[in-house]
Structure formats: structure tokens, C-alpha cells
Amino acid sequence: MADILMPKATAVWLVENTSLTFEQIADFCGLHPLEISGIADGEVARDIRGADPMGNGQLTREELDKAQANDAYRMKAQVSRHAELLKPQKKAPRYTPVSRRQDRPDAIAWFLRHHPEVTDAQISKLLGTTKSTIDQVRQRTHWNAANIKPVDPVTLGLVGQLELDALVKKAAEKKAKDDLKKGILPEDPTLRPASETSILPDDHDAEEAAIRKGRIEPKAEDVFGKSTYVADEEDDED
């Protein structure tokens with residue numbers, strides 16, 4: 001049986017508009033008979049609007065009539081005319097203009113230097129190159145190794161900035177997960193919770209008292225210097 005579009009919506013329509021058995025509907029829609037029973041009882045798919053399988057080209061009137069006349073008959077679905085449109089399209093290999101192909105080793109070198117977390121497969125897919133070329137750049141066995149220098153692929157016009165950022169973020173997240181599985185903690189320590197940092201050790205008060213005791217309290221002369229004031233004779237007379 002071909003897979004049909006919107007199986008639950010189709011089941012809702014068949015329950016409401018035909019005399020088919022639960023088993024016949026379940027077989028046609030690829031669902032369990034208990035689900036069909038739940039739809040009939042109003043417990044399942046209550047908010048789903050029914051979809052006519054004959055209207056969208058998945059079932060013929062002749063098939064429906066045969067099934068309603070014979071409980072043992074199992075309907076055969078037709079391939080929907082919309083099925084081809086809903087098939088996932090395989091992404092075509094990235095095409096790099098001939099004028100830009102000589103820049104790919106520079107972009108590869110940039111990834112190897114600045115983003116080692118990006119895998120060879122990801123680089124290959126993004127730049128439209130091969131893993132052997134990436135390995136040659138890494139081992140410096142490329143025929144043009146002497147002239148290869150790391151250059152941002154966005155600057156070279158090979159990829160867009162958003163596409164590059166998304167790839168780097170995805171690779172970094174995957175590396176972080178793999179490191180955690182291996183028990184490797186991030187190099188940059190994160191801030192501890194306030195509940196941990198706000199708790200003072202038991203000997204904090206004693207330690208602070210000892211520090212204060214060891215301090216030498218400054219005198220006024222130490223802060224302002226010695227007074228240079230000389231009394232005048234008139235002051236003495238007063």
C-alpha cells in the first residue's frame with residue numbers, strides 16, 4: 001500500500017462519511033484500529049478536519065464502493081498527484097565557479113587553523129572540495145603548498161557569512177557534547193552560583209580579626225605630615 005497524505009485527516013473523513021470498518025480504515029491509512037476507534041468516539045484527532053481522499057486523488061470511487069460492499073476487502077491507494085511535490089529534494093552538490101576554485105585551499109587552511117572543530121566532511125560539503133585535498137593542505141603536500149595562506153572563505157566569496165556562522169556554531173556544539181561525554185571540561189571556567197560564592201568559611205571572622213590586629217593604625221602625622229605652623233608674636237600677646 002502506498003503511503004497516503006494526512007493519514008489522520010483522511011481517517012476522520014472516512015469515519016464520518018463512509019460505512020467502512022475500523023480495520024479497513026486503519027489498513028488504508030496506516031493506523032492502528034484502536035486509533036480509528038478513538039476517532040469515532042471523539043477521543044482522538046478532535047481538532048483535525050477531515051480530508052477527502054477522493055478529492056486529493058488518493059482513492060477512487062470504485063475502490064470505496066468495493067470496500068463498503070465487502071468488509072474483507074482492503075482498499076488500494078493511488079499515488080497522489082501531490083506526492084512528487086512533497087518528496088524531499090536532494091540538495092545538489094555545491095558548484096564553485098572556475099575562477100574561485102584556486103581559492104579553496106586558502107579557505108581550507110583557514111578552517112584548519114581557526115576552526116579545527118569543523119570536520120573534514122563539513123568542510124568538504126561547504127566548499128565543494130574533497131577530503132583528499134583537505135588532507136593534502138593539512139599535511140602540506142599540496143602541489144601549491146608554498147603559496148597557500150589561510151583566508152576567510154567569506155572574503156573569498158565561497159560561502160555566505162550566515163552559512164559559515166551556522167556551520168561553526170554547529171561544530172562547536174557537537175565538540176562540546178563530545179568533550180562532556182569524555183569527561184573533558186571547558187577550558188574557560190564558568191561562574192559559580194551565587195549560593196556557593198556567598199557562603200563564607202567558618203574561620204572567616206577569626207581570620208579578619210587577625211588581619212586587623214596586625215595592622216598599624218596610621219597617625220595624623222603619617223597622613224598629613226608634620227605641622228610647619230610658626231606662631232607670630234601677636235598671637236603670643238593675645
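Biologist: How confident is the predictor in the protein chain, by pLDDT?
Modeller: The average pLDDT is 78, and 67% of the residues score at least 70. Helix 9 has the highest confidence, with a mean of 93, and helix 12 (residues 194–197) the lowest, at 47. Where pLDDT is low, the predicted coordinates should not be read in detail.

Biologist: How much of the protein chain counts as buried, and how much surface is accessible?
Modeller: Of its 238 residues, 29% count as buried. The accessible surface is about 17800 Å², and carbon and sulfur atoms account for 52% of that.

Biologist: Why are Asp120 and Arg138 called a salt bridge?
Modeller: The closest N and O atoms of Asp120 and Arg138 are 2.7 Å apart. The cut-off is 4 Å between a side-chain nitrogen of Lys or Arg and a carboxyl oxygen of Asp or Glu, so the pair qualifies.

Biologist: What does the pair of Asp120 and Arg138 tie together?
Modeller: Asp120 belongs to helix 8 (residues 120–127) and Arg138 to helix 9 (residues 131–139), so the bridge ties together parts that are 18 residues apart in sequence.

Biologist: Why does Arg138 count as partly exposed?
Modeller: Its relative accessibility is 35%.

Biologist: How many salt bridges does a search of the whole structure find?
Modeller: The search finds five. Among them is Asp178 with Lys174, at 3.1 Å from N to O. Both of these residues lie in helix 11 (residues 161–182), four residues apart, which is about one turn of the helix. Another is Asp179 with Lys175, whose closest N and O atoms are 2.9 Å apart. Asp179 and Lys175 also lie in helix 11 and are four residues apart.

Biologist: What makes Asp179 buried or exposed?
Modeller: Asp179 has a relative accessibility of 16%. Buried means under 20%, so Asp179 counts as buried.

Biologist: Which residues do salt bridges that share partners join into one network?
Modeller: Asp120, Asp135 and Arg138 are joined in this way.

Biologist: Where is the place of His115, and what is it in contact with?
Modeller: His115 sits in the loop between helix 7 (104–114) and helix 8. Neighbours within four places in sequence aside, His115 is in contact with Trp110 and Val168. At 18% relative accessibility, His115 counts as buried.

Biologist: What makes the link between the side chains of His115 and Glu117 a polar contact?
Modeller: The two side chains are joined at 3.0 Å. The cut-off for such a pair of N or O atoms is 3.5 Å, so the distance passes.

Biologist: How do you know how the rings of Trp110 and Phe111 are paired?
Modeller: A pair of aromatic rings is described by the distance of the centres and the angle of the planes. For Trp110 and Phe111 the centres are 5.2 Å apart and the planes are at 80°. The centres must lie within 6.5 Å and planes over 60 degrees count as edge-to-face, so this pair is edge-to-face. A search of the whole structure finds one aromatic pair. Trp110 and Phe111 are both buried.

Conventions:
Residues numbered from 1 in each chain as written. Heavy atoms only, no water. Buried < 20%, exposed > 50% of the residue type's maximum accessible area, 1.4 Å probe, protein only. Areas by Shrake-Rupley, 256 points an atom, 1.4 Å probe, with all protein chains shown as cover. Helix = DSSP H or I, 4+ residues; strand = E, 2+ residues; numbered from the N terminus. pLDDT = per-residue confidence, 0-100. Polar contact = N/O pair within 3.5 Å; in protein donor to acceptor, adjacent residues only side chain to side chain. Contact = heavy atoms within 4.5 Å. Phe/Tyr/Trp six-rings, centres within 6.5 Å; stacked < 30°, edge-to-face > 60°.
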